[in-house]
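Keep the structure in view as you read.

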Amino acid sequence: MKQLKVIAATAILILGVLGTADARYLLDEYFGVDLSVNASTGRFNMPWTPIRGSMVHEDWRTDGDSQAPDPGPRYYLSEVFDIEALYLDINKQTNEIVYSIVTSMPPTGFNQVPWYPGYVFRAGDIRFNIGSNMYVVGTFGSTFGNLYYNPTMIYTDAHRGFGSRGNPILAPGSTAMASPAMTFSYGEYLRDNGSHLVENGYYTYVMEGRISLATLGGDVNTASMTLGMSCNNDLATVTTTAIPEPGTLTLIGFGLAGLYGATRKRKKH
């Protein structure tokens, strides 16, 4: 009886671990990245590598770095146009794409910034390329949180001389997909105690979500995600390939079999 109780308790524990819902941020609970800032330098002190999926880290400096994107080394504002990191995974157990994007922004987010009166500061909409198809998650205004299939993209910032290299966003009047199976959120990344996470003088924000593979056309094995900030030269793309994983019941079966075998071995001794 004691042996059965131990096995049952183990099964409950395994099911509990596998069934635990993600906490406040997919960045933490799914990708295993816990953001923190060094108190002395004011910079992120990260191991940016996720526990699953793929990522790209693009943390531009703002202290005169000659490689900094627009507005470049002449401005301390480069951080406002900064993509910190992109994360992407194809989860074959839950049949969905999971993603998270870390950015540095002022509290006004994707709206106008006070130092450029009338200038609309925006990230480009989030683009997913799957085979020959493109799916776009809207990030601003009436497009926020909607999914678009092979939409027309336009470019802003032409008035600043960037032309077609400008910020790629959904064309006005784009038609969203009807009732896609997905989630999307954009908001400030807060510490566990609710305080701001300030890096290099700017608040930290995350955009993240899930999209069902069925919504994306079925069996997806390779996908890429792109985000281009403002003038589209602070540009980041991450690509991931699905990795087959054992089913949940198989994992539980192996765990119980191992525990049972170990119990029998101890009894023989």
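A contact means heavy atoms within 4.5 Å. The model is predicted.

Q: Which residues does Ile51 touch, not counting residues up to four places away in sequence?
A: Ile51 touches Tyr30, Phe31 and Gly32. The C-alpha atoms of Ile51 and Phe31 are separated by 5.5 Å. Along the chain, these two residues are 20 residues apart.

Q: Why is Ile51 called exposed?
A: The relative accessible area of Ile51 is 60%. Exposed means over 50%. The value is 60%, so Ile51 counts as exposed.

Q: Where is Ile51 found?
A: Ile51 sits in the loop between α2 (26-29) and β1 (54-57).

Q: What makes a set of residues a nonpolar core?
A: The members must be buried, of nonpolar-core types such as Ile, Tyr, Phe, Val and Met, and joined through side-chain atoms within 4.5 Å. Buried means under 20% relative accessible area. The largest such core here has 26 residues. Those with the most contacts inside it are Ile97, Tyr99, Ile126, Phe128, Val137 and Met225. Elements that give two or more residues to this core include β2 (83-91), β3 (96-105) and β12 (222-229). β2 gives the most, with four residues.

Q: Which residues does the second, separate core include?
A: This core of 18 residues includes Phe44, Met46, Trp48 and Tyr189.

Q: How many helices and strands are in the chain?
A: The chain has three helices and 13 strands.

Q: How much of the chain is made up of buried residues?
A: Buried residues make up 44% of the 269 residues.

Methods:
Residues are numbered from 1 along each chain as its sequence is written. This is a predicted model: local features need pLDDT of at least 70, side-chain atom pairs count only at pLDDT 80 or more; totals for chains, interfaces and linings use all residues. Side-chain values use heavy atoms; hydrogens and water are left out. Buried means under 20% relative accessible area, exposed over 50%, partly exposed in between (1.4 Å probe, protein chains only).
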